[in-house]
Amino acid sequence: MKRHNILSIIRKRIDEPRRFIQILAGPRQVGKTTLARQIMSEPGVVSHYATADEPTLRDRSWLEQQWETGRWRARQQASGALLVLDEIQKLTGWSEAVKRLWDEDTHAGVPLKVIVLGSAPLLIERGLTESLAGRFEVIPVPHWSFTEMNTAFGWTVEQYVYFGGYPGSAPLIADPVRWRSYIVDSLIETTISRDILLMTRVDKPALLRLLFQLGCAYSGQVLSYQKMLGHLQDAGNTVTLAHYLNLLKGAGMMTGLMKYAHGQVRQRASSPKLQVLNTALMSAQSGNAFEAVRG
């Protein structure tokens, strides 16, 4: 399975002279690692792959070791080499370390090109804006579109609306219980526990989960923060809810769409329309079978 439009962008930028770090940013299970490995497998590409997606956080010394391996391979080839760093946001202080190593290679003329992958755009962006200004380009990797799911798996519009745009779940849709368990356990819980709670201070993790469940139940509807407070126990205040909505958006799960208005003040004062960013997240928790919804 290839996402040809994104793959062609990556290939074009990697074929260019060493200029910027390329950032593949998007939610879990949309094919970022697959895209990187497809580039690595192309003829003439010398590469090194390393991932920080471990139960315990890696440190800067691990990053420096992987970078040195990439440098060694780059020096063996006139065309240089490619270093792929997966789940980079798991490293504490990763942006400062990458800045130092990248600048060292720039001054020394080391032909090492770098692709950085991250499953949570919000968390990656914090590191980028802190230290790497002017040194990177972002290539968004969104959820799969209907056209992509239809081409790869022959899905109908009804199937796409219910089962969403996660290609890894496609072989499981004939077994609804197994499909639902995959979405809830491997995607929802993993994203919340590892991409949000592990990386960001959240004082009320139970509230974050309840807010996500509420967003799934009311997806597509306008719900004021005051009404959210009424639905949620120990909800704190509207600032907390807005912050948690922002975290869920950054992880590619759910967002709160503000009412369109000419003035920023009017937009911020409006009630958000809750919207899941992949309908599979809503369907898996609804309890409604595909046949019942379709009928």
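Let's start with the sheet: 5 strands line up in the order E2-E3-E4-E1-E5, making an open sheet with parallel pairing. Keep in mind that this is a predicted model. Overall, the protein has 14 helices and 7 strands, and buried residues account for 46% of its 295 residues.

**The sheet**

- Two strands sit at the edges, E2 (47-51) and E5 (136-140). Each has a single partner strand, so one side of each has no neighbour in the sheet.
- Going from one strand to the next, the twist averages 20°.
- Zoom in on one pair: strand E3 (residues 81-86) and strand E4 (residues 112-118) run parallel and are joined by 5 bridges. Here you can find Leu82 opposite Lys113 in E4.
- Helix H1 (residues 4-15) lies across strand E1 (21-25), E3, E4 and E5. Its angle to E5 is about 165°.

- How far apart are the axes of helix H9 (residues 205-217) and helix H13 (residues 279-286)? They are 9 Å apart, and the helices pack at an angle of about 95°.
- That angle makes H9 roughly perpendicular to H13, because anything from 65 to 115 degrees counts that way.
- On the H9 side, the residues that meet H13 are Phe212, Gln213 and Cys216. Their partners in H13 are Leu281, Met282 and Gln285.
- Sorted by class, this contact has 4 nonpolar residues, 2 polar ones and no charged ones.

**The nonpolar cores**

- A bit of background: in soluble globular proteins, nonpolar side chains tend to be buried together.
- The largest nonpolar core here has 41 residues. The members that touch the most others are Trp179, Ile183, Leu211, Phe212, Met228, Leu248 and Met253.
- Several elements each supply at least two residues of this core, among them helix H7 (157-163), helix H10 (225-231), helix H11 (238-250) and strand E7 (273-276).
- Take Leu248 as an example: leaving out residues up to four places away in sequence, it touches Ile196, Leu208, Leu211, Phe212, Met253 and Met254.
- There's also a second, separate core of 25 residues, including Trp62, Leu63, Leu85 and Ile88.

**Contacts along the chain**

- Look at contacts between residues at least 6 apart in sequence: 73% of them join residues at least 24 apart.

Notes: Residues numbered from 1 in each chain as written. Predicted model: local features only at pLDDT ≥ 70, side-chain atom pairs only at ≥ 80, totals over all residues. Heavy atoms only, no water. Axes fitted to C-alpha atoms, helices over the stretch in contact; angles between N-to-C directions. Helix = DSSP H or I, 4+ residues; strand = E, 2+ residues; numbered from the N terminus. Parallel < 35°, antiparallel > 145°, perpendicular 65-115°, else oblique. Contact = heavy atoms within 4.5 Å. Nonpolar A, V, L, I, M, F, W, Y, C, P; charged D, E, K, R; others polar. Pairing = 2+ DSSP bridges. Core = buried A, V, L, I, M, F, W, Y, C linked by side-chain atoms within 4.5 Å. Buried < 20%, exposed > 50% of the residue type's maximum accessible area, 1.4 Å probe, protein only.
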